[in-house]
Amino acid sequence: SYTTDTKSREENKKTLESLYSLSVDITKIRRLKEWVLLQDVAYVKEIAGILQEMGADETTVANIIERCPEAILHTPAEINSQRALWQLVCQNEKQLIKLIEQFPESFFTTDYQQNQKANILFFQELGLKNNIITRFLTSAPNIFYNPVEKNKNVIETLQRNYLNLGGSEANMKIWILKLLSQNPFILLNTSTAVQENLEFLQKNDFTDQEVLQLLSKLKGFIFQLNSTTMQKSMLFSKNIFKCSDQELKQLVLKCPALLYYSVPVLEERLEGLLKEGISIAQIRETPMVLELTTQIVQYRIKKLSALGYDIKSGNLESLNGTKKDFEVTYGKIQSKKERPIFNPVAPLHIED
C-alpha cells in the first residue's frame, strides 16, 4: 500500500522533524528505505511513545527506527495489538522491548495478526514453552503467517506417521516438541510433502525403526527435501563409496547428511577432503566428516598438524563434531603431547 515511486515525491518535512527530535540518523534511513520518508502519513511520535511506555530509552527507540524505518508507518492501534499479542509469550515488557530491538522486522509485521494469535494459542496448547514460541516469533516469523489449520495439518501428519512407524503414544508429544524446537521450518511444508518423503525412505528399504531414527537425527530437515534430490544424493554416495544398497543404508544411518545435502555440496566437500590427502576409505569409515564445510575441515586439519598429528594416517574421528567437540578432542591430543615421558615424582629404582 506504500508508494515506492521516489522521483516525483518529496520527503515529508513533518516526518523528518519528528525523527530529528528523536536523534534518529536519517542518512541511515535514506540509505536503507528512503521510500518511508516520502509517505504522506507517518506516526513517528506515537510509535516512539509506545516503545518508551514499554521501557525503551531514547537510544533504543532511535536504534529500532533506524533498523526498521517502516515501523513509523504503522498505526498506534496496530502496534498496540501486536504488543498485546507478543505479551502472550513474553515474561514482561522488559523482555519484549529487548526482542523488538533485536528483531524489529519480525515485530513490525502486523499483516497477519489473526493468524499469529491463533498459532500462538495452538503452540501453547501443543505444550511448547513460551521461550520457544518467542524464539519462533523472532527467528521463524513466517510460520505464524500460515492459517493455523495448515500448521495443525502438518503436526497431525507427523503424529500419525510417528505412531505408524512404531513410536509410542507416551513419547509422541516429547518427540513432536523436540522436532519443532529444533526446526520450526518443517511447518512451511505441506502435509503431502512430509508424507512423500517418509514413503521414499520406506521404498528404499529403511525399516520403520530406522526411519524414526533418521527423523530424529535429521532434526526435521528431511521434510524440506524431496525424493528426487534424496535419490540423486544416495546414488552419488553409492558410486563414490562403491557399496551395496545395504552398506549405503548403514552409511546414511551413520551420517544422514548423505541424504540431506545435494550432490554439488557433497562433491565439493569430498574434493576438499581428498585435496588434504584423505582417502575415500577413511571417509567411508567416518562419513560424518561430510557434515563439515571445507573451510572448517581445513582449519581443523591445520590445528591438528601443528601438534604433529597426521590426519592422513590417523582416524578422521578427531575432525568430527561441533566446535565444542573438536576443542575437547584437540585439548586431549595437546595434553597427551605435552605430558612428560617419565613421572618426575615417581621414586627412581636404583640398584644398591
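Tutor: A nonpolar core is a set of buried Ala, Val, Leu, Ile, Met, Phe, Trp, Tyr and Cys residues joined through side-chain atoms within 4.5 Å, where buried means under 20% relative accessible area with a 1.4 Å probe, counting protein chains only. This is a predicted model, in which local features need pLDDT of at least 70, side-chain atom pairs count only at pLDDT 80 or more, and totals for chains, interfaces and linings use all residues. Residues are numbered from 1 along each chain as its sequence is written, and side-chain values use heavy atoms, leaving out hydrogens and water.

Student: Which residues touch the most other members of the largest nonpolar core?

Tutor: Leu 51, Phe 108 and Leu 259 do, in a core of 105 residues. Helix 11 (residues 169-182) gives the most to this core, with 6 residues; helices here are DSSP runs of H or I, at least four residues, numbered from the N terminus.

Student: What is Leu 259 in contact with, beyond its neighbours within four places in sequence?

Tutor: Contact means heavy atoms within 4.5 Å, and the partners of Leu 259 include Phe 200, Leu 214, Met 230 and Val 252.

Student: What makes up the protein chain, helices or strands?

Tutor: The chain has 20 helices and 0 strands.

Student: Why is the chain called more spread out than a compact globule?

Tutor: The globule rule is 2.2 Å times the number of residues to the power 0.38, and the radius of gyration is taken over C-alpha atoms. For 352 residues the rule gives 20 Å, and the chain's 27 Å is well over that, so the chain is more spread out than a compact globule.

Student: How much of the chain is buried?

Tutor: Buried residues make up 44% of the 352.

Methods. Helix = DSSP H or I, 4+ residues; strand = E, 2+ residues; numbered from the N terminus. Buried < 20%, exposed > 50% of the residue type's maximum accessible area, 1.4 Å probe, protein only.
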